[in-house]
Amino acid sequence: MKTRFLSLSALVVAVATAIGGVAFAPQARSQTTEGPPPPPPSSSFSARVDNPWFPLLRGTRWVYTGVKDGKRTRDLVTVTHQTKMIEGVPCVAVHDRLYMQGRLEERTTDWYSQDSYGNVWYFGENTAELDAHGHVTSTEGTWKAGVAGAKAGIYIPGHPRLGQSGLQEFLKGHAEDHFKIIGLFRTVVPPGKANTLLTKEWTPLEPGLVDHKMYVRGIGTVLEQSQHGADERNELISIGR
């Protein structure tokens with residue numbers, strides 16, 4: 001099964017029109033934090049992630065194209081059949097491969113798990129930047145919950161509410177991404193309850209940098225774009241299994 005999105009640009013325009021200037025306001029300075037609240041007991045978690053805003057059905061692959069630092073990018077995100085236990089919690093492994101100008105620049109494995117309330121928790125990532133010969137030049141950003149003080153955070157809530165915010169990951173000085181829900185819209189069929197979610201993300205480690213992500217119910221992330229501090233955009237072009 002493979003689905004292409006030929007009208008995604010129209011969707012982006014519709015959401016931008018609906019939110020006006022709110023989504024593009026600069027992020028206020030974040031206060032220092034010592035991490036997110038502790039997760040529920042490990043027995044309440046499952047590696048089966050079916051949160052409708054961020055479904056991770058094994059074998060699914062999303063293909064994104066965009067631009068970063070003035071270079072064309074292609075990003076392949078694949079949900080594997082692998083499970084990793086982190087702090088007693090079963091996590092599904094997701095591979096992320098970023099190509100710039102046709103060359104693999106970054107490879108990452110992310111680990112997610114879902115609690116009994118539908119919240120998707122982020123338990124860590126193993127990331128590497130590569131040179132032109134495929135050699136690792138940096139692993140900055142790598143972290144795993146329970147190691148060196150790192151803590152899991154909620155990546156996306158099970159029941160998002162406008163204005164809701166949280167810390168997605170935490171390794172002091174290395175991984176401190178925050179999110180805030182700034183929009184819930186009815187922009188795609190079928191009509192009814194909100195089916196498009198807009199978030200703002202930032203980190204105190206990179207003051208002035210603000211990202212926005214758009215999620216469509218049943219699909220996941222369809223658009224990521226930097227609004228302040230960087231020139232970066234990633235747009236979904238296909239999803240398949």
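1. A salt bridge is taken here as a side-chain nitrogen of Lys or Arg within 4 Å of a carboxyl oxygen of Asp or Glu. By this criterion, the side chains of R233 and E235 meet in a salt bridge, with N and O 2.8 Å apart. R233 is partly exposed, its relative accessible area being 27%, whereas E235 is buried at 15%.

2. The model is a predicted one, in which local features need pLDDT of at least 70, side-chain atom pairs count only at pLDDT 80 or more, and totals for chains, interfaces and linings use all residues. Residues are numbered from 1 along each chain as its sequence is written, and side-chain values use heavy atoms, with hydrogens and water left out.

3. Across the whole structure, the search finds four salt bridges. Among them is the pair of K213 and E201, whose closest N and O atoms are 3.5 Å apart. This pair links distant parts of the chain, 12 residues apart: K213 belongs to strand β14 (residues 210-216) and E201 to strand β13 (residues 196-202). Strands are DSSP runs of E with at least two residues, numbered from the N terminus. Both partners, K213 and E201, are buried.

4. A further salt bridge joins D50 to R48, with the closest N and O atoms 3.9 Å apart. D50 is partly exposed, with a relative accessible area of 43%.

Notes. Buried means under 20% relative accessible area, exposed over 50%, partly exposed in between (1.4 Å probe, protein chains only). Helices (H or I, at least four residues) and strands (E, at least two) are DSSP runs, numbered from the N terminus.
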